[in-house]
Amino acid sequence: MVRRLLARIGQALVVLLAAFTASFLLLQALPADAILIKFMNPDLGLSPEQIAEIHAAYGAGMPLWSQYLHALGNFLTGDFGTSVQAGVPVRDSLAANLPATLTLAALGFLAAVILALAVSFLSNLTGFVWLRNSLAALPSLFVSVPVFWLGILLIQVFSFQLKLVPVIDPGPWERLILPVAALAVPISAPLAQILMRNIDAVLTQPFVAVARAKGASRHSVLWRHVVPNALLPTLTIAGVLFGELLAGAVVTETVFGLNGLGTLTQQAVANQDMAVLQAVVVISATAFVLINLAVDLLYPLLDPRIAEADAR
Amino acid sequence: MTRDEASRRWGGDAATRRAALGAVAAVLAAFVAVPASAAEEPVTGGTLVYLEQQAHTNLYPPAGGFYPNGGILNQITDKLTYQNPKTLEIEPWIAKSWTVDADATAYTFEIREGVTFSDGTPVDAAAVAKNFDTFGLGNKDLKLPVSEAINNYARSAVLGPLTVRFHFTKPSPGFLQATSVIGSGLVAPKTLALPFDQLGDATRIVGSGPFVIVRETLGREIQFAARKDYAWGPPQSSHGGRAYLDGIKLIVTPEDSVRIGALLAGQAHIIRQIQAYDEREVEAKGFPISAPSTRGVNNSIAFRPDNPLVADLRVRRALTLATDTREIVDTLYSEHYPRATSVIAATATGYRDLSAKLAPDAVAARRLLDEAGWRVGPDGIRRKDGRELALTAYESLPQPQNKDMLQLVAQQWAKVGVKLSVLAGDSGSRTLDMLDPLKTGVAPVMVGRADPDVIKSQFYPKNRDALLQKGGSSTKVQAFVDERLNGLFDAIAGEPDRAKRLQLVGEVQEYLLDQAYVIPIFEEPQAFAASPLVKGLAFEAVGRPSFYGTWLTRP
Amino acid sequence: MSTVPTRVFASGSEAGRTAPAAAARRIARGGFAALRRTPPGLVLAWLVIATVVLWALAPGLFAGQNPVAGIAREKLLPPSAAHLLGTDALGRDLYARIVHGAVHSLSGAFVAVTVGLLAGTSLGLVAGARGGLVDLLVMRLVDTLLAIPTLLLSLTIIVLLGFGTVNAAIAVGLASVASFARLTRSEVVRVRGADYVEAAYGSGGTFWRVLWRHVLPNSLTSVIGLAALQFGTAILSISTLGFLGYGAPPPTPEWGLLIAEGRNYISRASWITTAPGIVVVLVVLSANRISRAFAGSPR
């Protein structure tokens with residue numbers, strides 16, 4: 001077990017380093033750079049010579065490998081560098097933006113799980129075939145709608161037509177309602193699809209028949225036996241969905257005018273603000289690695305069959 | 001804001017709203033009977049919710065040319081002089097009087113007493129001198145650039161606690177007007193001691209204006225509060241004291257549909273950049289639209305003659321003839337966007353009506369292209385020596401419906417056999433390509449300023465360099481330079497006699513169109529839409545909003 | 001593949017027109033029988049895909065008007081007989097733009113899926129078939145791809161390659177490599193343990209030969225299912241890139257761009273964004289339905 005743990009942690013570190021290196025190389029290949037974009041603005045009226053001076057002052061032009069080692073060393077000591085565009089340390093912009101996105105993502109994921117559970121249970125519990133079929137079709141619909149379009153429609157309908165939630169200058173919780181909904185809808189789709197498939201699979205297992213034979217009702221079988229077994233495989237895609245959440249956050253934050261990691265990322269790409277992008281990659285890679293590590297390590301604890309297989 | 005206030009402001013829940021409807025109708029009926037004058041009494045208090053299309057970039061006052069920057073600076077800074085937006089005359093403000101020597105090489109200003117920056121330091125001769133030394137000469141160490149509004153600046157001299165004189169190396173007749181522009185907003189010396197980088201942080205900009213910035217969420221939201229001790233509004237304004245509003249909440253809302261929807265749903269008081277296609281609906285619902293002219297260089301397409309495809313005057317002339325500005329304005333814009341009749345707007349100083357040079361004529365355009373040796377190829381695109389007559393332009397995001405405008409121009413040019421590709425592009429590639437005449441043979445341009453110098457701002461190689469001349473902003477330019485044009489600009493910037501100066505301004509407009517360096521399309525306004533609750537909305541001479549005299553009928 | 005439902009559709013509609021004839025009734029019965037065998041949702045899904053594929057192949061047959069140059073004064077017209085779905089701000093017929101846009105969106109999605117499929121399947125195949133250190137290395141590479149946020153990866157690749165439908169498609173495709181690799185690997189691992197594969201090795205087959213003859217064909221069904229799913233996802237991703245300002249340059253009538261650009265007119269002319277939006281939803285729904293059919297799910 002300890003060996004397995006160490007191996008998994010080692011692999012996670014390798015993935016982190018690889019993500020850092022790959023993104024560093026990718027970002028270095030971009031055509032322009034943040035300094036140029038910021039100071040070439042015609043409003044500033046700087047001459048090419050002045051811009052060249054500024055460039056040199058920012059330390060651009062060092063050999064690639066030394067920039068790489070420099071950046072890596074800084075990251076290991078927790079120094080994320082300075083955002084050229086905003087003129088503030090990257091750590092500060094992260095501190096200002098990360099909590100908002102984490103809240104949005106966490107609530108979005110929670111809402112997605114609830115939505116997925118609701119859809120898959122109802123479709124299994126209902127006696128009406130038509131309702132069962134239309135509920136089963138919902139996830140496909142959810143995943144077919146572009147998130148930004150959904151967001152704009154939600155704003156139009158719920159804020160401007162029905163006037164239920166303001167989008168301009170809303171309260172701290174009001175501001176989350178529509179974005180969380182927009183984010184949760186597409187995320188819930190794969191969850192619901194997996195849940196439905198798992199519920200179907202578990203229902204055919206012998207122990208369900210045994211439980212039914214012992215006189216348990218359909219509801220209680222579903223709750224006591226099927227749900228725990230169906231939820232388990234769902235856990236595994238949580239890690240993969242994290243990336244979806246971040247992409248969703250970029251779009252929802254843009255549509256709803258929220259501050260967060262998403263808008264930060266988008267602006268950083270537009271301005272080719274390397275330090276910010278590098279930090280975003282490292283943070284999301286870390287989150288991805290941690291979630292997957294947690295899922296990997298928790299799974300045997302939750303599912304005795306895998307633990308046995310592991311022991312063998 | 002408490003929950004109670006919030007629900008009142010946003011109309012509350014459906015039940016309350018239904019109940020309130022009857023009451024509102026009754027009140028409205030009562031209001032109709034009230035004479036207009038009674039309703040015009042300004043109310044003090046309230047926070048104005050202002051939706052801005054783009055986030056500001058930098059609040060170094062000379063960067064105020066960018067609309068979002070100017071919209072913020074105009075609330076927090078005062079200017080030495082005040083340009084009356086109606087007459088365009090220069091009137092006293094922070095300077096109570098001034099003298100100009102005969103050849104416009106020295107200006108002396110007497111500064112009003114008792115004016116302070118919001119940090120308490122006085123607005124005195126030394127502070128004003130520090131401001132213009134920085135704007136006129138720049139500061140290399142702090143990366144602060146020279147203001148495009150100020151020409152031939154030499155030095156300042158503090159003659160007394162409230163008397164300051166500015167000296168110029170050559171005549172600088174535009175300087176008096178330059179002291180009134182958004183780019184000459186007075187800021188505290190400590191603000192000017194900061195490097196350029198840090199001036200993006202709005203909370204660090206200390207001005208003497210009617211509002212101060214109390215909080216900022218970078219790129220998203222700025223909160224202004226009125227200065228209670230403000231007592232030096234422009235003498236021409238209706239009141240000299242504090243602003244009527246308690247505060248302003250500026251929220252960056254890039255989505256067009258959200259800005260419009262929020263305004264109509266009562267979630268915002270005023271929005272900047274309402275697109276022409278939304279005007280009819282907004283006005284029909286009783287929301288007034290203001291579209292002050294920016295009185296500068298018209299929204300235009302500029303050529304980069306260093307690009308061999310457009311180096312030939314006949315090609316540039318042909319493309320000017322192929323462009324039908326009437327169709328563009330009728331299709332995409334409204335009466336707030338008048339067709340261009342010269343390089344600068346009809347409301348701009350020194351304007352000369354050159355509409356005869358801008359009449360579309362596709363037949364003449366084709367003839368000129370034929371003469372220039374460009375033959376129509378099998379795909380309908382003209383060719384010469386195996387090269388296609390194909391140009392590329394990048395969309396300019398701040399200009400209204402620029403992408404659609406360029407596409408329409410592309411359709412018109414296609415009729416005479418010229419291909420125009422419109423690119424969106426990320427800002428990095430755009431920044432690089434815009435400096436390369438081979439990659440961008442044409443570019444959308446526009447700049448607003450109510451002084452003849454504005455043309456120089458747009459085209460002079462040391463300023464915005466719209467034509468990309470050698471020795472200007474780009475190192476990619478091989479040869480193109482127009483000494484005659486630059487000479488005209490130098491002459492305008494240094495001609496102290498007003499009549500002669502305006503004569504030169506007329507000449508430069510003619511020259512730009514005779515050389516077909518630029519195709520003017522329309523006179524660009526800054527379009528705002530406001531809630532009926534908003535009164536006393538004012539704009540400075542080139543269309544930046546001033547909320548000093550603004551008040552809300554129901555704060 | 002697409003012949004089955006098309007034939008079903010043809011016989012069904014013939015039946016509607018020549019109902020009195022007994023022969024036609026027989027055909028109709030046959031058609032309905034075939035329909036009954038295939039779930040109706042799946043038939044509809046294939047119909048939708050067949051239609052848009054035809055749009056992409058021969059747009060001129062379906063829409064006569066010019067999709068990129070309109071009549072300027074006929075701007076922002078609501079849907080009518082002359083303009084089935086109305087016109088946009090430049091007076092271009094929206095229906096023509098959607099029909100002519102099919103080739104951009106579909107080829108974009110096709111390129112994206114191809115990139116993901118080829119790269120992902122090869123990685124997964126090698127990892128799953130070889131096992132051991134190769135497996136470990138390849139799967140960590142895949143993890144790395146998953147660890148870098150997809151959208152950030154796509155945006156950066158577009159900035160790098162330049163704007164355009166194909167480049168956006170490559171960016172989207174590269175971002176989907178990881179899913180294909182993971183799925184293929186797990187399929188290969190499953191197949192590899194099967195008796196007949198063991199037997200093939202036993203009868204002297206080389207590694208690559210066994211891989212090609214036995215492992216690959218048996219892993220393919222679910223991979224094709226994923227490809228169909230990714231096809232829909234790619235259309236959505238490309239449209240999201242358009243929304244963020246990283247789409248094809250105008251006047252390309254790519255669907256995502258139509259939705260993204262039309263959104264500004266939502267209060268004045270809502271059809272401009274709704275119509276392409278519905279088309280995209282329908283196509284993605286159909287792709288998902290077909291994907292599920294490959295995965296063997298009955299609904």
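How many residues does helix α7 of chain C have, and how far does it reach from its first C-alpha to its last? Select residues 150–161 of chain C: this helix has twelve residues and reaches 16 Å, close to the 16 Å expected at 1.5 Å a residue. The expected span is 1.5 Å times one less than the number of residues, and helices are DSSP runs (H or I, at least four residues), numbered from the N terminus.

Before moving on, note that this is a predicted model, in which local features need pLDDT of at least 70 and side-chain atom pairs count only at pLDDT 80 or more, while totals for chains, interfaces and linings use all residues. Residues are numbered from 1 along each chain as its sequence is written, and chains are lettered from A in the order in which they are written.

Stay with α7(C): ten of its twelve residues are buried (20 or more other C-beta atoms within 10 Å of their own, C-beta atoms being placed from the backbone). Among them are L151(C), S154(C) and I157(C). Just after the helix, G162(C) takes a positive phi of about 100°.

Next, show chains A and C together. Their contact takes 41 residues from chain A and 31 residues from chain C; two residues are in contact if their C-beta atoms, placed from the backbone, lie within 7 Å. On the chain A side, α1(A) gives the most, with nine residues.

Now turn to chain B. There, 26 residues are in contact with 20 residues of chain C.

Finally, select A302(B). Leaving aside neighbours within four places in sequence, A302(B) is in contact with residues including V442(B), A466(B) and Y517(B).

Key. Helix = DSSP H or I, 4+ residues; strand = E, 2+ residues; numbered from the N terminus.
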